[in-house]
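Visitor: I would like to learn how to read the features of a model like this one, step by step. Could you take me from the general idea to the particular case each time?

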Amino acid sequence: MRILFSLFAIIAFFALSSCKSKKEVKQSEIPIDDRPFWVKSRPIQSNTYVGIGSARKLSSGADHIQIAKNQALTDLASEISIEVSGSSLLNQMENNFEYKERFQSNIRTKTAKQLKGYEIQDVYETPTQYWVYYTLDKSKYLRELEQRRKTATELAIQLRRQAQSFYLNGRDQEAIESYLKALEAISDFWNEPLKVDDNGSDIFLGNTLYTELTTAIRSIQIDPIKDDIEWKIGLSIPRDLIGFQIRSHEGNLLPNIPVFLNLSDARLKDPTLY
């Protein structure tokens, strides 16, 4: 009897040990989520822009760290709102949704490259993935943006005055070039009204530049040397018969401005004439 009891006790001991072992194995198999909070769920902060980027670690030798950083900057830029004002140059030039979308995309790309003052908060990596977490203080960004806007606006105003002076003196070509440079100076802010003082009157700078540029271009006179030319298809037209004179709005000759010709029924060997 005692032998049977001992045998039963041994069997029960091993059975309990086996169950306990299985429990421990099952418990140890439960994965522990050690990912940081910003990987699990995107942080929402009222005073801070957030940028999170990730990249796979590839055996091909790609720089996964730089890829993740670039993605984080792009993500940071996407949080910055870009609205198109009804009084902006962009709205005047093209009331087209796709065009505005393309402009906004380009601005975000430029913004990502121009961002300053952002801070790296954390990095996280696994054997196959690399993550990076950036933040940017909103007030700091807005101060830097205002400085860039001020610098761009001042340059554009200076170039506009230069363009106006050229135009008044019949130097239309140089006026057009200055207007184009002025528009380029504020290209990051075409979606904004950019209201400035012009000798006591408020103007929307981008719209005004665009209007004055259009006026300068349309005022250029293109006059052919000969009004009528007769020739047969297949024969070359003498170059001296298809010359043009380009004049400013005051009648001054403007050299070295190309004229492009387009014929519906035939092609010119040299469509560019000076």
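This is a predicted model: local features need pLDDT of at least 70, side-chain atom pairs count only at pLDDT 80 or more; totals for chains, interfaces and linings use all residues.

Visitor: How many bridges join strand β4 to strand β5, and do the two run parallel or antiparallel?

Guide: Strand β4 (residues 195–198) and strand β5 (residues 201–204) run antiparallel and are joined by four bridges. Within this pairing, Val196 stands opposite Ile203 in β5.

Visitor: What should I keep in mind when I meet a positive phi?

Guide: The general idea is that most residues other than glycine have a negative phi. Asn199, in the loop between β4 and β5, is a residue other than glycine with a positive value, near 55°. Another case is Leu194, whose phi is near 50° and which is likewise not a glycine; Leu194 lies in the loop between α7 and β4.

Visitor: Is each of these residues buried or exposed: Asn199, and Leu194?

Guide: Asn199 is exposed, because its relative accessible area of 78% lies over the 50% cut-off. Leu194 is buried, because its relative accessible area of 8% is under 20%.

Visitor: How many bridges join β2 to β3, and which residue stands opposite Glu119?

Guide: Strand β3 (residues 129–137) is joined to β2 by six bridges, and the two run antiparallel. Across this pairing, Glu119 stands opposite Thr135 in β3.

Visitor: Now the charged pairs. How many salt bridges are there?

Guide: The count comes to 10 salt bridges, taking a side-chain nitrogen of Lys or Arg within 4 Å of a carboxyl oxygen of Asp or Glu as the criterion. One of them joins Arg42 to Glu79, with the closest N and O atoms 3.0 Å apart. This pair links distant parts of the chain, since Arg42 is in the loop between α2 (37–40) and β1, while Glu79 is in the loop between α3 and α4 (89–93), 37 residues apart. Both are partly exposed, Arg42 with a relative accessible area of 36% and Glu79 with one of 30%. Arg42 and Glu79 also belong, together with Asp75, to a network of salt bridges.

Visitor: Which parts of the chain do Arg148 and Asp188 tie together?

Guide: The side chains of Arg148 and Asp188 meet in a salt bridge, at 3.3 Å from N to O. Arg148 lies in helix α6 and Asp188 in the loop between α7 (172–185) and β4, so the pair ties together parts that are 40 residues apart in sequence. Asp188 counts as buried, at 17% relative accessibility.

Visitor: Where do Asp198 and Arg160 lie?

Guide: Asp198 is in strand β4 and Arg160 in helix α6, 38 residues apart, and the pair links distant parts of the chain. Their salt bridge has its closest N and O atoms 3.3 Å apart. Asp198 counts as partly exposed at 25% relative accessibility, whereas Arg160, at 9%, counts as buried.

Visitor: Finally, which residues make the nonpolar surface patch?

Guide: Ile229, Trp231 and Leu235 make this patch, which has an area of about 290 Å². Ile229 sits in the loop between β6 (221–224) and β7 (244–247), and it is partly exposed, with a relative accessible area of 31%.

Notes
Residues are numbered from 1 along each chain as its sequence is written. Side-chain values use heavy atoms; hydrogens and water are left out. Patches are made of residues with over 30% relative accessible area and no salt bridge: like charges are joined within 9 Å, nonpolar side chains (Val, Leu, Ile, Met, Phe, Trp, Tyr) within 5 Å. Accessible areas come from the Shrake-Rupley method with a 1.4 Å probe; for residues, only the protein chains shown count as cover. Buried means under 20% relative accessible area, exposed over 50%, partly exposed in between (1.4 Å probe, protein chains only). Two strands pair if DSSP finds at least two bridges between them.
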